[in-house]
Amino acid sequence: MWNKNRKSFTLLKRLGPLGAALLSLAAQGQTQEPKTPYPRMAAAAEYLMADQNAEIAMARSAAPAGISRDATVLVLTQRGYETAVKGKNEFVCAVERSWMSPFDFPEFWNPKMRGPVCFNPQAARSVLPFTYKRTEMVLAGLSKAQMIARLKQAIERKEVPALEPGAMSYMLSPESDLGDSIGHWHPHLMFYGPKSNGADWGADLPGSPVLLNPQFHDSPEPLTVYIVEAPKWSDGTPASNHAH
């Protein structure tokens, strides 16, 4: 999409690991809640996948088989994420849900969103804990405001580890559904750094392949996410075969 029209990505890049909420939302500069078909959390069961094997396969599809076949795989249950397959290469694959998007994303509560992602060992240790935290709070019924407050508290109390250098993840799944407004989007890699405007990476500059994804820009997590588009999905097919 953004190879043909970089502005198209810019308009959509606030997708969390799931990709990017609409930039127009940020541009509004308004205090009222944006109109959305998902104003509140759906029943917890709607976010679950009935077929655990299907969720395992979807999680693995986030990265090439050479990585994901030996990775630990998580599945979402009523109790939170649980290990379905114990791996041996220290990568961790999971299917993230909509609440890993920015808090102001109109589809924050979209129960249909599925974001397969495989974290490398550094990210599994220092980024994935935020997925656990958010999921734990969502399943406990906390509001967005309560989640933000709890995240701030957890960070202040050092209940989550510091970001490790080299943390990154794969999002190469042709099965991803990053929201009604996004769909598959493009296969991409995500790199994690401390809070930044992206200047030190050359992010979003003309001709730069590095894109700044403000997934955590206005959230307590002390992270910045950089995206680099990949030419192929995890199964080796060209990105153009599935992207829409």
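This report describes the strand pairing, the disulfide and the nonpolar cores of a predicted model.

## Strand pairing

Strand β8, which covers residues 188-193, has pairing partners in both β7 and β10. With strand β7 (residues 168-171) the pairing is antiparallel and runs over four bridges, and within this pair Met171 stands opposite His188 of β8. With strand β10 (residues 224-229), β8 again pairs in the antiparallel sense, here over six bridges, and Tyr192 is placed opposite Val225 of β10.

In a regular strand, side chains alternate between the two faces of the sheet. Tyr192 is also listed among the residues with the most contacts inside the largest nonpolar core, to which both β8 and β10 give two or more residues.

## The disulfide and its surroundings

The structure holds one disulfide, formed by Cys93 and Cys118, whose sulfur atoms are 2.0 Å apart. Because the torsion about the S-S bond of Cys93 and Cys118 is about 105°, this disulfide is right-handed. Cys93 belongs to strand β5 (residues 92-96) and Cys118 to strand β6 (residues 115-119), so the pair ties together parts that are 25 residues apart in sequence. Cys93 counts as buried because its relative accessibility is 0%, and Cys118, also at 0% relative accessibility, counts as buried as well.

Ser68, a residue of helix α4 (residues 65-68), is in contact with both of these cysteines, and also with Arg60 and Ala63, when its neighbours within four places in sequence are left aside. Ser68 has a relative accessible area of 4% and is therefore buried, the cut-off for that term being under 20%.

## The nonpolar cores

The largest nonpolar core has 38 residues, and those with the most contacts inside it are Trp99, Phe119, Val127, Met147 and Tyr192. Both strands and helices give two or more residues to this core: the strands are β3 (72-77), β5, β6, β8 and β10, and the helices are α5 (121-126), α6 (128-139) and α7 (144-156). Among these elements α6 gives the most, with four residues.

For Trp99, the contacts beyond its neighbours within four places in sequence are with Tyr47, Leu76, Phe108, Arg134, Thr135 and Val138. A second, separate core of 18 residues includes Ala63, Val73, Phe91 and Ala230; of these, Ala63 is also one of the residues in contact with Ser68.

How values were computed: Residues are numbered from 1 along each chain as its sequence is written. This is a predicted model: local features need pLDDT of at least 70, side-chain atom pairs count only at pLDDT 80 or more; totals for chains, interfaces and linings use all residues. Side-chain values use heavy atoms; hydrogens and water are left out. Two strands pair if DSSP finds at least two bridges between them. Buried means under 20% relative accessible area, exposed over 50%, partly exposed in between (1.4 Å probe, protein chains only). Contact means heavy atoms within 4.5 Å. A disulfide is a pair of cysteine sulfur atoms within 2.5 Å. A nonpolar core is a set of buried Ala, Val, Leu, Ile, Met, Phe, Trp, Tyr and Cys residues joined through side-chain atoms within 4.5 Å.
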